[in-house]
Amino acid sequence: MTSPAATVPECASVAEAGRLLGETGRLIVEWATSFTIVMLLSGAYLWWPARRGGGKWWPRRRVASRQRLRDLHSVAGAYLLPAMFIIAATGLFWTRFAGQD
């Protein structure tokens, strides 16, 4: 009999690789990862302003609540973008088409 601790990582590994749905699951994972990379790049494009100096690195303090939430979203996205891009790009190595060879 296996312990529950041994089966949780095994189930997580199977689910992460998209093997629960077989080949269809692998294709879904590949499309989702590819779409995530496109969304990250488009978010970086929208964050980068037309003026010199790059986007905002700190949220504005004295603005309306809606603008503050928008600033928090864009600043958090700017800081998290490199890590999210690396995670998504390395995830493509385990997909069928992008990960071949």
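Me: Helices (H or I, at least four residues) and strands (E, at least two) are DSSP runs, numbered from the N terminus. In which helix is Gly 91 found?

Reply: Gly 91 is found in helix α3. This is a predicted model: local features need pLDDT of at least 70, side-chain atom pairs count only at pLDDT 80 or more, and totals for chains, interfaces and linings use all residues. Numbering runs from 1 along each chain as its sequence is written, and side-chain values use heavy atoms, with hydrogens and water left out.

Me: How many helices and strands are in the chain?

Reply: The chain has 3 helices and 0 strands. Along the sequence, the pattern reads α-α-α.

Me: What makes α2 roughly antiparallel to α3?

Reply: Helix α2 covers residues 23-47 and helix α3 residues 65-91. They pack at an angle of about 150°, with axes 10 Å apart. Axes are lines fitted to C-alpha atoms, for helices over the stretch in contact, and angles between N-to-C directions run from 0 to 180 degrees. Under 35 degrees is roughly parallel, 65 to 115 roughly perpendicular, over 145 roughly antiparallel, and the rest oblique. The angle is over 145, so α2 is roughly antiparallel to α3.

Me: Which residues of α2 and α3 make the contact?

Reply: Contact means heavy atoms within 4.5 Å. From α2 come Thr 33, Ile 37, Leu 40 and Trp 47, among others. The α3 side includes Ser 74, Ala 78, Leu 81 and Phe 85.

Me: How do the residues of this contact divide into nonpolar, polar and charged?

Reply: There are 11 nonpolar, 3 polar and no charged residues. Ala, Val, Leu, Ile, Met, Phe, Trp, Tyr, Cys and Pro count as nonpolar, Asp, Glu, Lys and Arg as charged, and the others, Gly among them, as polar.

Me: Is Trp 48 buried, partly exposed or exposed?

Reply: Trp 48 lies in the loop between α2 and α3. Its relative accessible area is 49%, so Trp 48 counts as partly exposed.

Me: What makes Phe 93 count as exposed?

Reply: Phe 93 sits in the segment after α3. Its relative accessibility is 58%, which means Phe 93 is exposed.

Me: What share of the chain counts as buried?

Reply: Of its 101 residues, 15% count as buried.

Notes: Buried means under 20% relative accessible area, exposed over 50%, partly exposed in between (1.4 Å probe, protein chains only).
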